[in-house]
Amino acid sequence: MDVKRRTARTLVAKLSSVSERIRTEALSELRLISKHDPESRLLIAEAGAVPYLSETLYSSSPAIQENAAATLLNLSITSGGSLMSTRGLLDALSHALSNSPSPVAVQSCAATLHSLLIADESYRPIIGSKRDILYSLLSIITAANAPPRSIKDALKALFGIALYQLNRASLVDFGAVPALVSLIVRDARTGIVEDATAVLAQIAGCEESEEAMRKAGGVRVLADLLDEGTGASGRIRENAVAALFNLVRCGGEKGRKEVREMGAQVKEGIAEVAENGSAKGKSKAVEFLKFVVDGNGNGNEVRDFSLNNSMI
């Protein structure tokens, strides 16, 4: 362990070298060590690497950005506290998300956010309060030429943000609902639609989402996913049920009426989830089907769909 600690300190010290070559070589080594040696991650963070890595995200070199972002992602697994306590880290991640020419750097930054959001619930309101981060993530999923991996990593980060109740209204204000609905409609890739519907299901758990869903045609799109003719995966169907039922629980009478009318057209799809879905999916589908059939449902609280059940 002492050898690893000395190695970490030596490499981190090189990050402040006046020589760009030495800095670049040290950064590359830190990336590899933090990827392959879990024990070294904490040592690298303790050696003070995070402020240097954060600053490096502003580099004009795509390769250097990639190494810094990937190292931060690796460190976030065990040293989330070191990242979150570093002044300016979230701003640096936001900058790279919006400005980096490297898809790999963008993906690592989004994945770092997701890692932090899942590791500690207390980080969710902090990250969710960063408007630039919300804007950057939504820009990724609406970009016509965004790589699929970038979209998936952005969706996972958005999911983590939406797990915190008070962040959902902010996401609605930033246009998350039409962005997600549009993504679901235009993207036929199952994994992306699964992730997009998972995020939409979370956002539907706030009263502010009702009007946004109505304007974006979200209820019809979600109902279409429950039509057996669409061939949607089981996870997509469960997410669609969760989103629609969360609208019932959190929306007003007008929204409940629209959901019930659309749900009546896809009762077979809802029943299929109630019969063959996961344990959580079955429970929610049963309650939703009850509402569709007789207008009643056991609306206690908006239950969060498990990340493991909803996303890859």
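Let's start with a contact: glutamate 39 and lysine 4 form a salt bridge, with 2.7 Å between the closest N and O atoms. This pair ties together distant parts of the chain. Glutamate 39 sits in helix H3, residues 38–46, and lysine 4 sits in helix H1, residues 2–14. The two are 35 residues apart. Keep in mind that this is a predicted model.

How accessible are the two partners? Glutamate 39 has a relative accessible area of 45%, so it is partly exposed. Lysine 4 is at 28%, so it is partly exposed too. The pair also belongs to a network of salt bridges: Lys4, Asp37 and Glu39 are linked in it.

How many salt bridges does the structure hold? The count is 12.

Next, helix H2, residues 20–36. Arginine 21 and glutamate 25 both lie there. They are four residues apart, about one turn of the helix. Their side chains meet in a salt bridge, at 3.2 Å from N to O. Arginine 21 is exposed, because its relative accessible area is 53% and the cut-off for exposed is over 50%. Glutamate 25 has 41%, so it counts as partly exposed.

Now helix H15, residues 209–216. Glutamate 211 and lysine 215 are both in this helix, again four residues apart and about one turn. Their salt bridge has its closest N and O atoms 3.1 Å apart. Lysine 215 is exposed, at 69% relative accessibility. Glutamate 211 is partly exposed, at 44%.

Which residues form the negative surface patch? They are Asp224, Asp227, Glu228 and Glu268. Patch members have no salt bridge and over 30% relative accessible area. Take aspartate 227. It is in the loop between helix H16 (218–225) and helix H17 (234–250).

Which residues of H19 are buried? Gly269, Ile270, Val273 and Ala274.

Next, alanine 285. Is it buried or exposed? It is buried, with a relative accessible area of 0%. It belongs to helix H20, residues 279–294. Alanine 285 and phenylalanine 245 are 40 residues apart in sequence. In space, their C-alpha atoms are 8.3 Å apart.

Valine 104 and alanine 242 are 138 residues apart along the chain, and their C-alpha atoms are separated by 32 Å. Valine 104 is in helix H8, residues 103–119. At 34% relative accessible area, valine 104 is partly exposed.

To recap. Glutamate 39 and lysine 4 link distant parts of the chain. Arginine 21 and glutamate 25 pair up within H2, and glutamate 211 and lysine 215 lie together in H15.

Technical notes. Residues are numbered from 1 along each chain as its sequence is written. This is a predicted model: local features need pLDDT of at least 70, side-chain atom pairs count only at pLDDT 80 or more; totals for chains, interfaces and linings use all residues. Side-chain values use heavy atoms; hydrogens and water are left out. Patches are made of residues with over 30% relative accessible area and no salt bridge: like charges are joined within 9 Å, nonpolar side chains (Val, Leu, Ile, Met, Phe, Trp, Tyr) within 5 Å. Accessible areas come from the Shrake-Rupley method with a 1.4 Å probe; for residues, only the protein chains shown count as cover. A salt bridge is a side-chain nitrogen of Lys or Arg within 4 Å of a carboxyl oxygen of Asp or Glu. Lys and Arg count as positive and Asp and Glu as negative; His and the chain ends are not counted. The place of a charge is taken as NZ of Lys, CZ of Arg, CG of Asp or CD of Glu. Buried means under 20% relative accessible area, exposed over 50%, partly exposed in between (1.4 Å probe, protein chains only).
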